[in-house]
Amino acid sequence: MKKIDLHDYVATVKDYPEPGISFRDISPLMGSGLAYREAINQIQEFAKDLNVDLIAGPESRGFIVGSPLAYALGVGFVPARKSGKLPRAAVSASYTLEYGGINELEIHQDAIKPGQRILIVDDLLATGGTINATREIIEKLGGVVAGVAFIIELEALHGREKIMEAGEVPFLALMEY
């Protein structure tokens, strides 16, 4: 069987969401059962030796990557939601958006137990702000970030370096642009 090149399932949209930006859209990847399964399988292979208790993913594409991964690993999934979306007591952290402005993520305060090992996943790593906010919440709750994984890393935005400034963790990006 021919190996799948996941790059073939990423659409590039020029000048979106603003002039000069090349948006990397994984909708074609998610729309292909073969490519979507391959991406999740590759992240699962990375995660299997990390002894994770939970998968965490930031809203909203982190849910699309994290939920099938949690299912495949037989562990729970913790959503990091945008502020005001959770119905019970939550812990929050703020981050700067890559196009300007500030946003906030929240995780239910009882979603993570002290000492639990969590893999943070998302579709794309840009500046690292969303991941570092998710990490901050996990650590406030006593969790341990076991690693981070992405389908795409935008290397020019140096998100990986910003994540590692908070402490070295195992890292996976299936594709770099």
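User: What makes A35, A39, I40, I43, F46 and A47 in α2 count as buried?

Analyst: Buried means under 20% relative accessible area, exposed over 50%, partly exposed in between (1.4 Å probe, protein chains only). A35, A39, I40, I43, F46 and A47 of α2 are buried. Seen down the axis of α2, its buried residues fall within an arc of 130°, so they line one face of the helix. The arc is that of the directions from the helix axis to the C-beta atoms. An α-helix has 3.6 residues a turn, so residues three or four places apart point the same way.

This is a predicted model: local features need pLDDT of at least 70, side-chain atom pairs count only at pLDDT 80 or more, and totals for chains, interfaces and linings use all residues. Residues are numbered from 1 along each chain as its sequence is written, and side-chain values use heavy atoms, with hydrogens and water left out.

User: What covers the buried residues of α2?

Analyst: The cover includes α1 (27-31), α3 (61-73), β7 (117-125), β8 (144-153) and β9 (171-176). Helices (H or I, at least four residues) and strands (E, at least two) are DSSP runs, numbered from the N terminus.

User: Why is the pair of Y16 and F23 called edge-to-face?

Analyst: Rings of Phe, Tyr and Trp (its six-membered ring) pair if their centres lie within 6.5 Å; planes under 30 degrees apart count as stacked, over 60 as edge-to-face and the rest as tilted. By this rule there are three aromatic pairs. Y16 and F23 are 5.3 Å apart, centre to centre, with 90° between the planes. The rings of F63 and F77 have centres 5.9 Å apart and planes at 80°, so this pair is edge-to-face too. F63 lies in helix α3 and F77 in strand β4 (residues 76-82), so the pair ties together parts 14 residues apart in sequence.

User: Why does F77 count as partly exposed?

Analyst: Its relative accessibility is 25%, so F77 is partly exposed.

Conventions:
Contact = heavy atoms within 4.5 Å.
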